[in-house]
Amino acid sequence: MRLILVGPPGAGKGTQAEILCARLGIPQISTGEMLRAAQAEGDLPEELARQMAEGGLLPDAMVLELIGTRLTAADCRAGFLLDGFPRTAAQATGLDDMLGKQGAALDSVIALEVPAEQLVERAVHRRTDKRTGKIYHLKSTPPPADAELEHRGDDHEDVVRQRIATYETMTAELLPFYDARGLLRRVDGVGSVEAVAERVRAALSPT
Ligand code: AMP
């Protein structure tokens with residue numbers, strides 16, 4: 001299975017990616033993580049590290065080269081799940097070309113859908129206990145009285161709305177591209193982790 005998973009910030013993409021990869025026995029490939037690893041190793045030019053810190057996208061050619069190398073690794077033979085890539089139309093066509101040369105193709109693009117208002121509501125009530133790292137929701141899973149609570153900077157309403165807007169701009173360019181090829185599977189991301197995982201599974205089963 002060669003898959004792409006997309007979803008707005010806070011939609012539970014990371015959790016679903018983990019479940020899906022374990023079930024299918026495929027690696028989760030995140031360009032963001034690969035870039036952070038390259039930076040930690042001192043392999044990312046300073047100019048690119050600065051662009052990344054400012055939240056800008058790195059050049060398509062550079063990201064495509066990174067992915068091209070990664071997809072030839074032995075663990076990708078049975079497939080892979082891409083997370084955070086492609087982010088532009090040029091990256092999407094670059095990926096198609098790359099796979100085409102290997103006689104391969106994508107199987108599906110899963111788009112997790114959660115209404116913006118619900119993402120904002122989740123983020124503004126989300127708190128982390130600094131001592132244990134556990135995550136709580138002030139209303140639905142309230143923390144214990146002795147928790148040392150922290151509200152992440154990127155969980156503040158204005159930041160969340162900005163990140164959702166960025167995601168919507170990106171998908172407005174990408175999803176029609178995959179929809180036209182019959183690859184897009186829209187999955188309702190509202191509900192329990194198990195319920196959403198089941199919907200993802202159903203969306204990928206042959207009909
Ligand atoms: P992420 O963890 O996916 O949010 O990625 C962190 C940062 O890495 C992004 O804000 C970009 O600066 C860079 N990045 C990750 N993936 C890509 C991509 N596909 N194209 C361009 N830049 C990317």
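A crossing is left-handed if the near helix is turned anticlockwise from the far one by less than a right angle, and right-handed if clockwise. In this predicted model, α6 passes α7 in a right-handed crossing. Local features need pLDDT of at least 70 and side-chain atom pairs count only at pLDDT 80 or more, while totals for chains, interfaces and linings use all residues of the predicted model. Residues are numbered from 1 along each chain as its sequence is written, and side-chain values use heavy atoms, with hydrogens and water left out.

**Helix packing**

Helices (H or I, at least four residues) and strands (E, at least two) are DSSP runs, numbered from the N terminus. Axes are lines fitted to C-alpha atoms, for helices over the stretch in contact, and angles run from 0 to 180 degrees between N-to-C directions.

| Helix pair | Angle | Axis distance |
|---|---|---|
| α4 and α5 | roughly 30° | within 10 Å |
| α5 and α7 | about 35° | 9 Å |
| α6 and α7 | about 145° | 10 Å |

Helix α4 covers residues 60–71 and helix α5 covers residues 89–101. Angles under 35 degrees count as roughly parallel, over 145 as roughly antiparallel, 65 to 115 as roughly perpendicular and the rest as oblique; α4 and α5 are therefore roughly parallel to each other. The crossing of α4 and α5 is right-handed. Contact means heavy atoms within 4.5 Å. On the α4 side, Asp-60, Val-63, Leu-64, Ile-67, Gly-68 and Leu-71 meet Ala-90, Gln-91, Gly-94, Leu-95, Met-98 and Leu-99 of α5. This contact has eight nonpolar, three polar and one charged residues, where Ala, Val, Leu, Ile, Met, Phe, Trp, Tyr, Cys and Pro count as nonpolar, Asp, Glu, Lys and Arg as charged, and the others, Gly among them, as polar.

Helix α5 also meets α7, through Ala-89, Ala-92, Thr-93, Leu-95 and Asp-96 in α5 and Glu-173, Leu-174, Phe-177 and Tyr-178 in α7. The classes there are six nonpolar, one polar and two charged. Between α6 and α7, the residues Ala-116, Glu-117, Leu-119, Val-120, Ala-123 and Val-124 in α6 meet Glu-157, Val-160, Arg-161 and Ile-164 in α7. That contact comprises seven nonpolar, no polar and three charged residues.

**A cis peptide bond**

Pro-86 lies in the loop between β3 (80–83) and α5. The peptide bond from Phe-85 to Pro-86 is cis, with omega near -5°.

**Pockets**

On a 1 Å grid over the protein atoms alone, a pocket is an open set of points where a 1.4 Å probe fits, with protein on both sides within 12 Å along at least five of seven lines; lining residues have an atom within 4 Å of a point. The largest pocket has a volume of about 1600 Å³, a volume being the space filled by probe spheres set on the points, which are joined across faces, edges and corners. Its lining holds 46 residues, of which Pro-9, Lys-13, Gly-84, Arg-87 and Arg-163 lie nearest the centre. Elements giving two or more residues to this lining include α6 (116–125) and α7 (157–179). By class, the lining of the largest pocket divides into 20 nonpolar, 15 polar and 11 charged residues.

The second largest pocket has a volume of about 240 Å³. Glu-121, Arg-122, Arg-126, Ile-135, Tyr-136, His-137, Ser-140 and Thr-141 line the second largest pocket. The strand β6 gives the most to this lining, with three residues.
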